[in-house]
Amino acid sequence: MANIPEEVDSHFITEFIYNPLSEDLAEVRMKVAYQVIQADNQIGGAIIHYQTLVTFTEDNSALFKIINKTPAEHNPNKVFADSYQENRIHSLIYRWIYLRETFNPEGIKELLVNDGQPFIFSERKDVKNYEEWTNFMEQLSAQTQYGHYQIESIDTETVSENQVLVEIKATWKRVIKGEVLSSSVQYKLKLHDSGERYLKIVDLYE
């Protein structure tokens with residue numbers, strides 16, 4: 001992608017543990033595989049343990065309150081791998097999933113190219129554009145007491161310099177009228193990277 005910085009270092013999250021402490025505070029522990037290209041072109045790096053406290057603001061933004069960083073061992077991988085694109089894609093995917101879980105169509109609209117017009121939201125015959133999809137989401141929200149997506153896999157394919165296809169497989173767990181339901185879901189998104197905070201969704205196939 002044209003806006004990817006030159007490869008200098010990379011960070012891959014290999015373990016992520018989330019522990020809510022209150023409504024607006026959580027502990028997050030991560031294991032990160034860090035690599036850096038040194039001045040002699042040798043690959044250095046470490047496996048780093050992070051222990052953090054994250055607070056949530058009124059607009060649902062997450063902010064670090066403290067970060068404890070502990071290098072645990074040398075990274076044994078001496079073949080450099082750039083993490084920029086993967087981390088950008090995963091950031092967008094988890095933001096999009098969160099907005100789906102909270103039934104926030106206006107938030108999702110901010111992630112869409114051209115406000116989602118034209119846009120394919122669903123194979124359902126009664127959902128063909130953003131407005132119809134918003135109505136569908138509102139109806140679903142009114143019926144659902146709890147909803148959560150557990151992501152099983154994220155696969156990517158580069159389409160062009162600034163576009164990628166992403167296929168997501170997940171388990172959707174929700175409570176509707178007191179009944180616990182669980183089903184496998186699959187989404188395919190075309191994403192565009194224009195250098196903004198999040199990639200933009202060009203198209204979505206559900």
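Figure 1. A142 has its place in helix α3. In this predicted model, A142 counts as exposed because its relative accessibility is 67%, and exposed residues are those over 50%.

**Figure 2. Helix α3 and its buried face.** Helix α3 comprises 14 residues. From the first C-alpha to the last, α3 reaches 20 Å, which is close to the 20 Å expected at 1.5 Å a residue. Which residues of α3 are buried? They are Y130, W133, T134, M137 and L140. Seen down the axis of α3, these buried residues fall within an arc of 125 degrees, and therefore they line one face of the helix.

**Figure 3. The open sheet of β5 to β8.** Four strands, in the order β5-β6-β7-β8, form an open sheet with antiparallel pairing. At the edges stand β5 (144-160) and β8, each of which pairs on one side only. From one strand to the next, the twist averages 30 degrees. Strands of a sheet pair through backbone hydrogen bonds, either parallel or antiparallel. Strand β6 (residues 163-176) and β7 run antiparallel and are joined by 14 bridges. Within this pair of strands, L165 stands opposite K190 in β7.

**Figure 4. Helices packed on the sheet.** Helix α1 lies across β5, β6, β7 and β8. The direction of α1 is at about 150 degrees to β5. Helix α3 (residues 130-143) also packs on the sheet, where it touches β5 and β6. The direction of α3 makes about 140 degrees with that of β5.

**Figure 5. The salt bridge between D193 and R88.** How many salt bridges does a search of the whole structure find? The search finds 1 salt bridge. The side chains of D193 and R88 meet in it, at 2.7 Å from N to O. The pair links distant parts of the chain, as D193 and R88 are 105 residues apart. D193 belongs to the loop between β7 (179-192) and β8 (200-205), whereas R88 belongs to helix α1 (residues 84-101). Side chains of opposite charge can pair when their charged atoms come close. Are D193 and R88 buried or exposed? D193 is buried because its relative accessible area is 2%, and R88 counts as buried because its relative accessibility is 13%; the cut-off for a buried residue is under 20%.

Figure 6. Strand β1 (residues 9-22) and strand β2 (residues 25-37) run antiparallel and are joined by 12 bridges. A hairpin connects β1 to β2 through 2 residues. Y18 stands opposite V28 in β2. Strand β2 is also joined to strand β3 (residues 43-56), by 13 bridges, and these two strands run antiparallel. Here A26 stands opposite V54 in β3. The hairpin of β2 and β3 has 5 residues between the strands.

**Figure 7. Two residues with a positive phi.** Most residues other than glycine have a negative phi, and most peptide bonds are trans. N41 is not a glycine, although its phi is positive, at about 70 degrees. N41 is found in the loop between β2 and β3, and it counts as exposed because its relative accessibility is 59%. F103, also a residue other than glycine, has a positive phi near 50 degrees. Where is F103 found? Its place is the loop between α1 and α2. F103 counts as buried because its relative accessibility is 19%.

**Figure 8. The whole protein, for orientation.** The secondary structure comes to 3 helices and 8 strands. From the N terminus on, the elements run β-β-β-β-α-α-α-β-β-β-β. Along the principal axes, the C-alpha atoms fill a box of roughly 60 × 40 × 30 Å. The protein has 206 residues, of which 36% count as buried. Of the contacts between residues at least 6 apart in sequence, 50% join residues at least 24 apart.

Definitions and conventions
Residues are numbered from 1 along each chain as its sequence is written. This is a predicted model: local features need pLDDT of at least 70, side-chain atom pairs count only at pLDDT 80 or more; totals for chains, interfaces and linings use all residues. Side-chain values use heavy atoms; hydrogens and water are left out. A salt bridge is a side-chain nitrogen of Lys or Arg within 4 Å of a carboxyl oxygen of Asp or Glu. Buried means under 20% relative accessible area, exposed over 50%, partly exposed in between (1.4 Å probe, protein chains only). Two strands pair if DSSP finds at least two bridges between them. Axes are lines fitted to C-alpha atoms, for helices over the stretch in contact, and angles run from 0 to 180 degrees between N-to-C directions. Contact means heavy atoms within 4.5 Å. The expected span of a helix is 1.5 Å times one less than its number of residues. The arc is that of the directions from the helix axis to the C-beta atoms.
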